[in-house]
Amino acid sequence: MQTRRQRTSTKVWLLAGIISIAIVIAILSMPEILEPLAKYIVRSMGPYWLLAVLIVGVIHGLKPDEHTWPITVSYGLMQRSIKGVIAAVSVFAGALTLVWTLMSALVGELMGLLNTSILDPYVDIIVGLTMIGVAAYLVFGKHRDHHGVRTADYKLIWIHGLAAAFGGDFFIVLILTIAIVPMITTGLSFLVGFMFGFGSWVAQTIIVLAIYKGIVKSVGDWSVVADAGRIALGMLGLFMIGLGIYSFFIPSD
């Protein structure tokens, strides 16, 4: 007969497995639609390019990716309150936005001479290692707990966000910048990356809050949810490493 601790452990691993499988399926089943859609939106809205980039950013935040809600939801589940969920998503998305803002400013000057697509497999592996490292720290590291439950370290979330900023749809920021710069002064090109990141943050916050409330309400025990969030983060890290290695042998082009 299982003890209470064994039953709790089983619940944690089962929930973590369900979360991980659902996220993996979401990432793998989502077609690459953002690039043509982004180009269409920017062309259609013309002088309203700032709003166009914001809309593209929101779509990006809704789209399952290795640096959108499938990752931030893992950090969100580790939080004890809605305020903590918003903070976790904001730290991660803030790191993404910082990188994208700086890169769009740079590309505005260089006019798109950079090609980052060859970096995708490396980025996937680096992001996966970062996720596993964060998960291991949260499970085994010596740091302050919240009522006996280890929660996400915002410094590590920030580092993860900086690494993740160069993966997935990062090239969309470059494409949008190259398309928009001829219509504006180069000094405003930083707004492309900023508005893209801001829109992504808005969408991610809404989705992660909805998932957080639904899971916590259905499970009832936040400590189980927090533990599952940490384990799911490690599982997804392994998946990202595998995806990066797979990309070496079977390029997407």
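Reader: In this predicted model, does Phe92 count as buried or exposed?

Author: Buried means under 20% relative accessible area. The relative accessibility of Phe92 is 0%. Phe92 therefore counts as buried.

Reader: How many aromatic pairs are in the whole structure, and how is the one between Tyr75 and Phe92 oriented?

Author: A search of the whole structure gives four aromatic pairs. In the pair of Tyr75 and Phe92, the ring centres are 6.3 Å apart and the planes stand at 40°. Stacked needs under 30 degrees and edge-to-face over 60, so this pair is tilted.

Reader: How many residues apart in sequence are the parts tied together by Tyr75 and Phe92?

Author: Tyr75 sits in helix H4, residues 69-77. Phe92 sits in helix H5, residues 82-110. The pair therefore ties together parts whose separation in sequence is 17 residues.

Reader: What is the relative accessible area of Tyr75?

Author: Tyr75 is a buried residue. Its relative accessible area is 1%.

Reader: How are the rings of Phe194 and Phe198 arranged?

Author: Phe194 and Phe198 form an aromatic pair, 6.4 Å from centre to centre. The angle between the planes is 10°. Planes under 30 degrees apart count as stacked, so this pair is stacked.

Reader: What separates Phe194 from Phe198 along helix H9?

Author: Helix H9 covers residues 190-219. Residues three or four places apart in an α-helix point the same way, because there are 3.6 residues a turn. Phe194 and Phe198 are four residues apart, so their separation is about one helical turn.

Reader: Which residues does Leu176 contact, leaving aside neighbours within four places in sequence?

Author: Leu176 is among the residues with the most contacts inside the core. With those neighbours left aside, its contacts are Ala38, Val42, Val53, Val56, Val192 and Phe196.

Reader: Are H2 and H3 roughly parallel or roughly antiparallel?

Author: Helix H2 (residues 34-45) and helix H3 (residues 49-62) have axes 9 Å apart. They pack at an angle of about 160°. Angles over 145 degrees count as roughly antiparallel, so H2 and H3 are roughly antiparallel.

Reader: Is the crossing of H2 and H3 left-handed or right-handed, and which residues make the contact?

Author: H2 passes H3 in a right-handed crossing. On the H2 side, the contact is made by Leu34, Leu37, Ala38, Ile41, Val42 and Met45. On the H3 side, the residues are Leu51, Ala52, Ile55, Val56, Ile59 and His60.

Reader: Is H2 roughly parallel or roughly antiparallel to H8?

Author: H2 and helix H8 (residues 170-180) have axes 10 Å apart and pack at an angle of about 25°. Angles under 35 degrees count as roughly parallel. That makes H2, relative to H8, roughly parallel.

Reader: Which residues make the contact between H2 and H8?

Author: The crossing of these helices is right-handed. H2 brings Leu34, Glu35, Ala38, Lys39 and Val42 to the contact. H8 brings Phe171, Ile172, Ile175, Leu176 and Ile180.

Reader: How many residues of H4 are buried?

Author: The buried residues of H4 include Trp69, Pro70 and Tyr75. H4 is largely enclosed by the rest of the structure, because its count of buried residues is nine of the nine.

Reader: How far apart in space are Val85 and Leu209?

Author: Val85 lies in helix H5 and counts as buried at 1% relative accessibility. Leaving aside neighbours within four places in sequence, it contacts Gly76, Gln79, Val208, Leu209 and Tyr212. Val85 and Leu209 are 124 residues apart in sequence, but their C-alpha to C-alpha distance is 6.9 Å.

Reader: Which residues does Thr68 touch, not counting those up to four places away in sequence?

Author: Thr68 is in the loop between H3 and H4. Thr68 is buried, with a relative accessible area of 0%. On that count, it touches His60, Gly61, Lys63, Ser200 and Gln204.

Conventions: Residues are numbered from 1 along each chain as its sequence is written. This is a predicted model: local features need pLDDT of at least 70, side-chain atom pairs count only at pLDDT 80 or more; totals for chains, interfaces and linings use all residues. Side-chain values use heavy atoms; hydrogens and water are left out. Rings of Phe, Tyr and Trp (its six-membered ring) pair if their centres lie within 6.5 Å; planes under 30 degrees apart count as stacked, over 60 as edge-to-face and the rest as tilted. Helices (H or I, at least four residues) and strands (E, at least two) are DSSP runs, numbered from the N terminus. Buried means under 20% relative accessible area, exposed over 50%, partly exposed in between (1.4 Å probe, protein chains only). A nonpolar core is a set of buried Ala, Val, Leu, Ile, Met, Phe, Trp, Tyr and Cys residues joined through side-chain atoms within 4.5 Å. Contact means heavy atoms within 4.5 Å. Axes are lines fitted to C-alpha atoms, for helices over the stretch in contact, and angles run from 0 to 180 degrees between N-to-C directions. Angles under 35 degrees count as roughly parallel, over 145 as roughly antiparallel, 65 to 115 as roughly perpendicular and the rest as oblique. A crossing is left-handed if the near helix is turned anticlockwise from the far one by less than a right angle, and right-handed if clockwise.
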